[in-house]
Amino acid sequence: MSGSPFLVLSAILFTIGCVGVLTRRNAIVVFMCVELMLNASNLALVTFARVNGNLDGQVAAFFVMVVAAAEVVVGLAIIMTIFRTRRSASVDDASLLKY
Amino acid sequence: MVAFWILSPIMVLAALGLLFARKAVHAALLLAVVMIGLSVLYLVQDAPFLFTVQIIVYTGAILMLFLFVLMLVGVDASDSIVETIRGQRLMAVGVGLLFGVVLVVLVGQVALGTPTGLAQANADGNLPGLAQLLFSKYVFAFEATSALLITAAVGAMVLAHRERITPKLTQADRAAQRMRDYAEKGTHLGPLPSPGVFARHNAVDTPALLPDGTPAQTSVSRILMTHGTVKPAPRHDIEQLTATMDDGARPRGPIDGDPTVHGETENVDGAPTPDGRSSS
Amino acid sequence: MSIPLAASAPVIDPSPASGVFNLLWVVIALPALGAALILLLGNRRTSGFAHLLGCATVLGSFVISLVLFVTLLGRDESDRQVGQVVYNWVDAGSFHAPFGLLYDQLSALFLLLITGVGSLIHIYSVGYMEHDARRARFFGYLNLFVAAMLTLVLGDNYLVLFLGWEGVGLASYLLIGFWQHKPSAAVAAKKAFVVNRVGDIGMALGTMLFFATFGTVSFAGISAAADRADDLTMTFLGLLLLLAACGKSAQVPLQSWLLDAMEGPTPVSALIHAATMVTAGVYLVVRSNFVFDHTELAQTAVVVVGAVTLLWGAIIGCAKDDIKKALAGSTMSQIGYMMLAAGLGPAGYAFAIFHLLTHGFFKANLFLGAGSVMHAMDDDVDMRHYGALSKAVPVTFLTFAIGYLAIIGIPPFAGFWSKDKIIEAAFGDNLVVGLATLVGAGITAFYMSRVMLMTYFGRKRWEEGVHPHESPKVMTIPLMVLAALSALGGLLIFGDWIVDWLAPVVGPEPELHLGVPTIVLTLVVLVVVLVGVAVAWLTVGRHEVPRTAPAKVSFATRAARADLYGDAFNEGVLMRPGDRFVEGLVVFDDRGVDAFVDGTASSFRGMSGTFRRLQTGYVRSYALSLLGGAVLVVLALLAVNIA
């Protein structure tokens, strides 16, 4: 089958992730939306791999997963630290760095 | 193809649910749906290895990590719907829609042609093919990711670790402290009162009543109070109780005399208000 | 005008210096060294020997000039232009201006005049400034003045000339304001400086235009290429040079500084008026003959300026009671004669220089004589307080008298020969110009006779306690030498020597076309001069001279006393509108420029204050901007791909 539907799905998921990052305030949910965006791009990479007939796209998706794992570990640790000191997981509360 | 048309609406709906779910746990579960859907799509697209990794690493490890952190932070803590940044929601939706439309139009216009398919690349199997690439062309990137993972693990440890700055209290210390409090402030020496004296409810979250009818604050866990899951002491329970008393004498005290306890609210201090927020 | 334009002005083509001409640079270096030594060591350390050093350097220069001149005389006529490059001064891209010196027939005469008269004035100053505590510094300035003037006349390109030009301006400023404790002297110095700046604009622009037109500023290069330039450029160049000359030579309309310059010590006045400074303008015009020969308009302008100035100065001279100012008026007038002659083209260049030389002799003589009289009268300059001094200061009187006879043009004294030639040339050119020179000669005779009569004859009108005495030898000997030169200066014209001598530089003199024989014209001039003397006798000599200037006088006298309202004109037409313009600029600066700048600043501050609010600290709004940017990038890519 053609690759286009997959790409469209990937674009839709990516956009939903974007909007999620922008509208949700719970840091953990924001993080989940970021993961959603990463996954959407992974779908596009895998689709391209199939369309082009080589495995480089899949390797790239694999690397994305590895990096995402590392990022989640560090990111959640940061969220924990912030929560411990501020008793809040809202991204809006961490807004001291401003005018 | 069938799998795609079945899965894609589900995934989109689940992803949209991610936007609207009040509780973070629901969001995590919806994300799991999306991820499993994605893994199936990987399988459809001749990527069995990524299918496995997606399930094991993402759904299995990363999402579980999310859930652990959610438990630590507070499972039931939910977002307020009120938007604090003016215009943020409207702008986000507007720009997001624009972005999505542009992307979709763009992708729709691209003529990808007939997919080559991975039959040739996967001739020796998907996993050997990937390994071939990973350990030849991408070997440096692969090694770099290992360094990244180690660094991330160390970083998470550093961030999550908290140094103990006071010596750990022993049982003897606690006992001595309790005696000191009694001597100096007259704090009750015995154990705290147990909750749920009426035995009509899941007693742990229902405060005990003192002899004068007032609820005993100390009989419920403070954590439950802050989480706002403490049940009220229902008025009619108390009235029934008083009715069955032999001497028929109404209990004295603020049960009906103090409107703050038995007026409109009928609530124990610190119990959640009907809108779900703590009143304290 | 019927000036026959020369087909081409002579080309300056110096040969490299050899033999004794290698000493050319020393002529400048000696007084420059003297000035540097005296001024850098300071007044106190040099007060013991500065006057000797000052005189010695200038005398040394004079001796070298004399040797060079004699050597030049001995050379073949075609080999009388010598060039020497001292060092490579400016070498930037296509602009080359070596510090080059040019020694030819013209600069040879100037060298002799400057160093010769300069030496006499130096020697005279030893006596005149004897009681001044700052005499050493005075000699330093004098040396600087001479060095600058020598640079001016020796430079082989307009840039070196400009260096000397500015040096003369600086030195004149320092010397006019030498008695700076007097506010009038300080103001006069400033005035001279500012008015000279106006002329310097012409000099600077002219130099730039020379380079823009010819790609060089050297006399040799320009004179060789002068034929190729178009008339308009040449006219502009001529007018710019004329502006420069007007500034330095105190010609109308830049004449106002000269009378005020009398605030300086008298030797300074002599130096400015006789040997240096005011002659620079005439030198510039004559030196630039290759420009003026190509532009009739600029030549006409020079003639007009000269004619106006010679009458202007003469009229002012008639009404002044200050002996130095009367002489200053006469200087202005005589320089006017020279400018007029220089404007006549090859017919007049040689006579302009000739008159410049004789004027240098007799005007130095007159000024130093006036200084001697002032010395005798306790620095009183008012001629109404003089009278009957011929017995009291006999030497001064005799030398002054010779200078007087020379300036009014009585044969056989120097002025007769030179002025007569200019008047002849003027009549040969144009009747109106000729009449102007003739009238000028009459007025000159009148006011110089007035000076003579008021100073040396009549009754004593001295202030109480004044005991006139003859000046010391150190002052009278220069007077005698100058008197001798004033008497004998006319010898230069015998056998048309000076005309032939200068011909290689300024071009051959064309034949004179007069309606009458020259002897008739000479006689007419003499008659006019005698009439002037007679009028002076009738109005001044016969009557008692009042000790204070009469208040009830004719309008003409009042105008002449007020320098023909030159200052009033400058003040009314230039200064007040200038003041108002500057005030307007200040207002514009305060309200316009400042308001604009401040407004810009405050608007940026306001905008920053507003935009600052964008930094909310909310990660989500930053992320929104990020997404917006991404959308823009995607759209741009889309647009590019579609296009």
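# Briefing: cores, interface and strands

In this predicted model, C:Leu340 touches C:Val303, C:Gly306, C:Ala307, C:Leu310, C:Ile422, C:Ala426, C:Val433 and C:Thr437, leaving aside residues up to four places away in sequence; two residues are in contact if their C-beta atoms, placed from the backbone, lie within 7 Å. The model is a prediction in which local features need pLDDT of at least 70 and side-chain atom pairs count only at pLDDT 80 or more, whereas totals for chains, interfaces and linings use all residues. Residues are numbered from 1 along each chain as its sequence is written, while chains are lettered from A and ligands numbered from 1 in the order in which they are written.

**Nonpolar cores**

- C:Leu340 is one of the residues with the most contacts inside the largest nonpolar core, which has 212 residues, and C:Phe145, C:Ile353 and C:Ala364 are the others named.
- Helix α16 (residues 349-376) of chain C gives the largest share of this core, 17 residues.
- A second, separate core of 85 residues includes A:Cys18 and A:Val51 together with B:Ile36 and B:Leu38.
- A nonpolar core is a set of buried Ala, Val, Leu, Ile, Met, Phe, Trp, Tyr and Cys residues joined through C-beta atoms within 7 Å, and a residue is buried if 20 or more other C-beta atoms lie within 10 Å of its own, exposed if 12 or fewer, and partly exposed in between.

**Chain A and its side facing chain B**

- Chain A has three helices and zero strands, where helices (H or I, at least four residues) and strands (E, at least two) are DSSP runs numbered from the N terminus.
- Of the 99 residues in chain A, 61% are buried, and 48% of the contacts between its residues at least 6 apart in sequence join residues at least 24 apart.
- In the interface, 63 residues of chain A are in contact with 68 residues of chain B.
- α1 (4-23), α2 (27-52) and α3 (56-86) of chain A each supply at least two residues of the side that touches chain B, with the largest share, 22 residues, coming from α3(A).

**Strands of chain C**

- Strand β1 (residues 15-16) of chain C pairs with strand β2 (residues 82-92) of chain C in the parallel sense over two bridges, and pairing requires that DSSP finds at least two bridges between the strands.
- The hairpin formed by β2(C) and β3(C) has two residues between the strands, and C:Gly93 in the turn has a positive phi of about 60°.
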